[in-house]
Structure formats: structure tokens, C-alpha cells
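Visitor: Please show me the sequence and the structure, and then let us go through them by question and answer.

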Amino acid sequence: MKPENLLVRPRPTQKCTTGCPVLDRCLGGGIPCRSVTEIVAESGCGKTQLCLQLLLSAQLPPSHGGLSASSLYLHSEFPFPSRRLHQLSRARPFDPRHDHDPLEYIFVHPLHSADHLLDAMPKMESFVENFKSQFPIRLIVIDSIAALFRSEFDNNPLDLKRRSSMFFKISGKLKLLAEKFDLAVVVTNQVVDLVAPNEGINGLRIGNLGCLDSSGRRVCAALGLAWANCVNSRLFLSRDKEIVSTVNGARDECGCELMHCRTRRKLHLLFAPHIPDTSCEFVITREGISGVCI
Amino acid sequence: MEVGRLPISAALKGKLVSAGYTSLSLLSSLSPSHLARGAQTAWDMLHEEELLTRITTSSVDIDNILGGGISCRDVTEIGGVPGIGKTQLGIQLAVNVQLPIHCGGLGGKAIYIDTEGSFMVERVLQIAEACSNDMSATNTVSQDVHAGKVGMQPRDFLENILYFRVCSYTEQIALINYLDKFISEHRDVKIVIIDSITFHFRQDFDMALRTRLLGGMALKLMKLAKKFCLAVVLLNQVTTKYAEGSFQLTLALGDSWSHACTNRIILYWNGNERYAYIDKSPSLRSASAPYAVTAKGIRNSVSNCKRIKLM
């Protein structure tokens with residue numbers, strides 16, 4: 001390794017479309033390559049939906065915003081959502097070529113723990129390097145990173161320090177892969193309830209939103225400040241019930257007014273090196289996730 | 001009598017002619033103080049020397065608490081939570097160092113060492129374009145056009161940033177060791193930015209080894225700053241430590257690292273505003289100033305209740 005070889009000509013960053021032009025506009029074109037993008041949300045907000053959608057849109061040619069690429073999907077939640085993936089692949093016309101089966105270009109691998117992920121990295125590297133195809137691997141998704149750290153670590157300083165070290169090791173390797181093979185890396189994370197204050201010089205506010213709210217809870221991303229330092233960009237998906245109207249003054253058995261509610265879903269950009277503070281609304285349908293212009 | 005035939009030095013002749021005095025008759029009616037109108041006082045000379053060693057951050061408020069800008073011959077550490085604007089400030093400085101001296105730069109090049117993959121060309125071009133537009137808006141353009149120089153375009157700013165991508169701690173150390181040789185061959189480099197100095201050192205490390213490696217790096221960087229009279233800016237992450245009964249934010253890499261830098265700036269959130277705080281400096285007093293990250297880059301905050309707080 002020669003230090004003079006570390007001098008490189010900075011290249012523009014290729015992006016992978018999310019499959020929706022409204023979301024792409026919010027994200028500055030899509031998910032960037034050579035970068036680790038994190039999607040933070042509570043369960044049921046659409047993290048996995050968005051990931052599955054990316055596995056399919058990555059296969060699109062660059063003229064349609066894709067990477068003409070295969071993807072690697074590492075999942076720590078079981079079972080793998082294959083039925084939904086089938087449904088999404090049929091709903092969108094992903095390739096005009098009739099003999100292109102999108103599922104052939106998605107590689108799935110289960111993960112059981114953080115150590116398992118670390119052990120799998122060298123295998124992943126040689127897999128990506130030696131994968132000869134018209135659709136090289138250009139997208140790696142880890143869904144979710146939080147689940148890998150749930151059980152093994154206790155809440156004492158020593159374990160937390162050990163856990164932190166693992167974050168940096170994992171992130172270091174993911175970023176190396178991303179840089180070496182010009183890949184987009186997407187990692188999903190969960191939320192926990194916020195207890196600490198997040199104001200002032202000792203505050204733990206991270207990103208453009210003063211506070212993150214979802215389903216009426218005040219939350220923050222899991223895995224703490226250490227992991228937040230390991231990702232390049234962080235997106236937050238939120239979900240809230242919004243009252244639309246009353247049902248003609250009708251009441252239920254307890255005497256409470258009945259309401260028409262709808263679920264409002266939003267995507268927020270918490271931090272990214274290339275995009276300002278933005279957010280947009282989206283819906284989840286049979287066809288997938290679509291941004292909504294208000 | 002022509003000035004050219006006066007028994008004075010060629011330099012003096014040149015100065016007189018360029019000021020418009022081509023013959024003795026034009027000079028005879030002037031007093032000495034009138035002729036010396038363009039001379040400098042010692043105060044002006046000191047101020048000019050200060051300008052030669054400072055790089056603007058593009059936020060007047062931050063420049064003010066820094067005594068004019070980021071200083072050369074010093075190692076400045078800048079730390080803060082993710083998303084507060086460390087990389088944005090790093091890129092702004094890499095662009096600003098290229099500006100001419102009267103615009104707050106040093107007319108030099110930048111070395112940008114990226115250890116995390118946060119450097120995005122599209123963002124650099126966006127910031128450079130804003131800089132280029134701001135320069136055209138001032139009336140200095142006419143002077144440059146006279147001198148045959150074309151205004152700097154965003155692509156030119158990008159060309160003058162020498163970009164290194166580092167993916168492991170061994171690469172980082174090898175590169176820092178190599179910088180002396182590299183900068184000797186690229187004397188127009190006036191700033192070295194490392195984004196971030198920390199990332200590759202937070203994996204599991206034998207602590208004694210890490211302290212030794214970091215100490216060696218710090219020493220080399222300080223020597224570079226002094227030897228080549230350039231600014232060294234190290235972007236750092238934050239971590240929490242338990243002190244005095246509560247959790248506090250502190251810069252990563254431990255207490256022994258805190259001696260490595262001359263100046264230390266902490267970026268933090270206060271309400272919905274971003275603030276920069278001078279945590280350590282041999283010559284500046286502790287103060288904090290608000291700033292904003294805009295599409296154009298780092299700028300002054302436009303909040304109407306902002307104030308610079310002296311500690």
C-alpha cells in the first residue's frame with residue numbers, strides 16, 4: 001500500500017433511485033453509493049418496504065435511475081418477507097426485457113448476531129469481488145442492525161464499550177466495501193423511547209429535527225451516539241394517526257366520539273453530507289412506497 | 001525633467017511613474033505627506049500579517065470569535081455531534097483557502113483527507129459556486145480582469161482540493177507520515193483537513209498502542225503546520241463520558257489526545273440553532289457564536305435573537 005495511491009480524483013456520486021420520483025427529489029436523487037445510509041423507524045413504518053423496493057430499483061438501468069445491479073440483502077429479522085417481495089416485483093414493470101426475473105438478482109443471507117456479521121464480511125467481500133455478471137453487486141442492505149445487538153450486550157460500561165468498538169469495526173468494513181466496489185449500503189435501525197434531555201452543550205440532539213415523534217411517542221434512534229457516528233446519512237420514517245373528521249356525531253359503547261382517522265407517514269432527512277433538512281409524506285400501497293406531493 | 005532621469009533608484013522611479021508622476025514639475029507642488037499617501041502604518045502592517053495567516057469560515061460571527069479565521073501554524077480541532085456541520089465546515093475551508101487574500105483566503109490549495117466517505121463532489125461544487133458568485137458580486141472582479149485573470153469557476157475550486165481517501169488506521173498513519181514529502185512537492189498547499197481524525201481509531205485497540213499512535217500523529221501534524229506555515233484542521237467525533245454525576249459530551253479519543261491540538265472548537269445545538277464554541281485556545285477567550293449551514297455553505301445565522309456570548 002503506497003500513500004501516494006490514496007490520492008484520488010473525486011468522482012461524482014452515483015445514486016440508486018427509490019422507485020419514486022418524489023422520494024428521490026427529497027433525497028437528492030436517491031440513495032448514494034460509496035456511503036452508508038441508515039433508515040431509522042419504529043416497527044411498521046415501512047423500513048423493510050423501502051429496502052425491498054431498493055432491491056428491485058437497483059436493477060433498473062442508470063437511464064431510469066438504477067445501478068443495473070444485483071443486491072445483497074442481509075436480514076436479522078425472521079422470516080424473510082419473500083411474499084411481499086414477489087408482490088412488489090410483479091406490481092412494477094422493472095425491466096422491459098421479458099426474460100429478466102428480478103428475483104434472480106437478489107441474494108439473501110441471514111444474520112444471527114453482530115459477531116456473525118463480522119465473520120461474514122470477508123465472505124461478502126470475496127462474493128462481491130468474484131461475482132461476474134452483467135448485474136454486479138452494487139447494493140447491500142442490512143435489515144436491521146439493531147436486532148443484532150439486542151441480546152448480547154448488557155447495560156454496563158464494559159459491555160457498552162465493547163459494543164461501541166463493534167459498531168466502528170462493522171462500519172469501517174462496510175465503508176471499505178462501499179468505497180472499493182462503489183456500492184450503496186443501506187442499514188435499518190429501530191427506535192427507543194427518549195429519556196435524556198437533548199438541549200444545550202451536553203444535549204444529545206442528533207440531526208435536523210429537534211425531536212423525533214412517532215405513534216405519539218418521543219423517540220430516538222437505537223444504538224446511541226456511537227452508532228450515529230458510524231453512518232453517513234440518516235433518514236427517519238414516522239407514523240402518526242391523524243383525525244380527519246367525526247362520524248356524524250356517532251359514539252361508541254363508552255360514549256366516546258367515533259373518528260375517521262388516517263395514518264400519516266413522513267420521511268425526514270435527519271442528516272446527510274449533501275442534502276439539507278427536508279421531509280416528505282408518503283403512502284404504502286400494494287405497489288410499494290410512494291411519496292406524496294402536498 | 002523626466003522622472004526617469006532623476007538620480008533615484010529604479011524601484012522609486014517605478015513607483016512614481018505608476019502613481020502618475022512622470023515629470024519633476026508634477027512633483028514640485030506636492031508635500032511629502034501627500035506623496036506618502038500610500039504608505040502603511042505599523043498597525044496596518046501587523047493587520048496585514050494577520051490576514052496572511054488566517055482563513056475565513058464564511059461566517060463573520062465565527063471568524064470574529066476566532067480572531068479573524070482559522071489560523072495557520074496551528075492545529076485546530078473541531079468536534080460535534082453527527083449532523084452539526086463538521087464536514088460542511090471542512091469543505092467550506094477547503095474552498096475558502098483558495099480565495100485571494102483580500103477575500104479571506106490565502107490563494108492556496110487544500111489537502112482533504114476523507115476517512116469516512118462524507119466528501120461529496122456535488123456539495124463541493126455547490127459551495128464553490130456560491131463562493132464564485134459572491135466574488136463576482138464584489139467589485140474586485142474588474143481588477144482581476146485587468147490583470148488577465150478569469151474569475152474562478154466551481155470546477156477550478158474542485159481541482160485545487162487534493163483529495164485522499166483513507167479506509168483504515170494503517171492507511172491514515174502512512175498518509176500522515178507521507179505528508180511532509182508531499183507538501184514539499186506542493187508548496188501551494190495552505191490547509192490540511194482530516195475528516196475525521198477519529199473514525200478508524202475507535203475500534204478495539206490496545207490502549208497503550210492507540211495513545212502512542214495518536215501521539216505520533218499529533219506531533220507530525222503540529223510539525224507540518226509550523227514548517228510549512230499552513231493550517232491543520234482535525235474534525236473529531238463526540239462521545240459521552242460520565243463526570244460529576246451526569247453524562248457529558250466530550251470529544252472522542254480520550255484525555256491524552258486533548259493536548260494534541262492548539263485550538264479546540266465544539267459545535268453544538270442550542271434550541272434550533274447551531275453554535276460554535278471556543279473550548280481551548282492559547283490566545284482567544286472562550287466565546288460562542290451562532291452559525292448556519294445553508295445551500296451556499298457555512299454562513300452567519302439569520303436568527304433575529306442571536307448574540308455572541310462571551311463566557
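Predicted model: local features only at pLDDT ≥ 70, side-chain atom pairs only at ≥ 80, totals over all residues.

**Cores, burial and backbone**

Visitor: Which residues touch the most other members of the largest nonpolar core?
Guide: A nonpolar core is a set of buried Ala, Val, Leu, Ile, Met, Phe, Trp, Tyr and Cys residues joined through side-chain atoms within 4.5 Å. Buried means under 20% relative accessible area, exposed over 50% and partly exposed in between, with a 1.4 Å probe and protein chains only. Of the 97 residues in the largest core, those touching the most other members are A:Leu117, A:Ile145, A:Phe149 and B:Ile191.

Visitor: Which helix gives the largest share of this core?
Guide: Helices (H or I, at least four residues) and strands (E, at least two) are DSSP runs numbered from the N terminus. The largest share is eight residues, and it comes from residues 157-181 of chain A, helix H6.

Visitor: What is the radius of gyration of chain A?
Guide: The radius is taken over C-alpha atoms, and the globule rule is 2.2 Å times the number of residues to the power 0.38. For 294 residues, a compact globule would come near 19 Å, which agrees with the value for chain A, 20 Å.

Visitor: What share of chain A is buried?
Guide: Chain A has seven helices and 14 strands. Of its 294 residues, the buried share is 53%.

Visitor: Is helix H2 of chain A largely enclosed or open?
Guide: Helix H2 spans residues 47-57, and ten of its eleven residues are buried. The buried ones include A:Lys47, A:Gln49 and A:Ser57. The helix is therefore largely enclosed by the rest of the structure.

Visitor: What is the relative accessibility of A:Asn189?
Guide: A:Asn189 is in strand S7 (residues 184-189) of chain A. Leaving aside neighbours within four places in sequence, A:Asn189 has contacts (heavy atoms within 4.5 Å) that include A:Glu38, A:Lys47, A:Ile145 and A:Arg234. A:Asn189 counts as buried, because its relative accessibility is 0%.

Visitor: How far apart are the C-alpha atoms of B:Cys131 and B:Ala295?
Guide: B:Cys131 sits in helix H7 (residues 121-137) of chain B and counts as buried at 7% relative accessibility. Along the chain, B:Cys131 and B:Ala295 are 164 residues apart, whereas their C-alpha separation is 11 Å.

Visitor: Which residues does the cis peptide bond with omega about -5° join in chain A?
Guide: Most peptide bonds are trans. The loop between strand S4 (70-75) and helix H3 (82-91) of chain A holds A:Pro79. The cis bond, with omega about -5°, joins A:Phe78 and A:Pro79.

Visitor: What is phi of A:Ser215?
Guide: A:Ser215 lies in the loop between strands S9 (212-214) and S10 (217-221) of chain A, and counts as partly exposed at 34% relative accessibility. Although A:Ser215 is not a glycine, its phi is positive, about 50°.

Methods. Residues numbered from 1 in each chain as written. Chains lettered and ligands numbered in written order. Heavy atoms only, no water.
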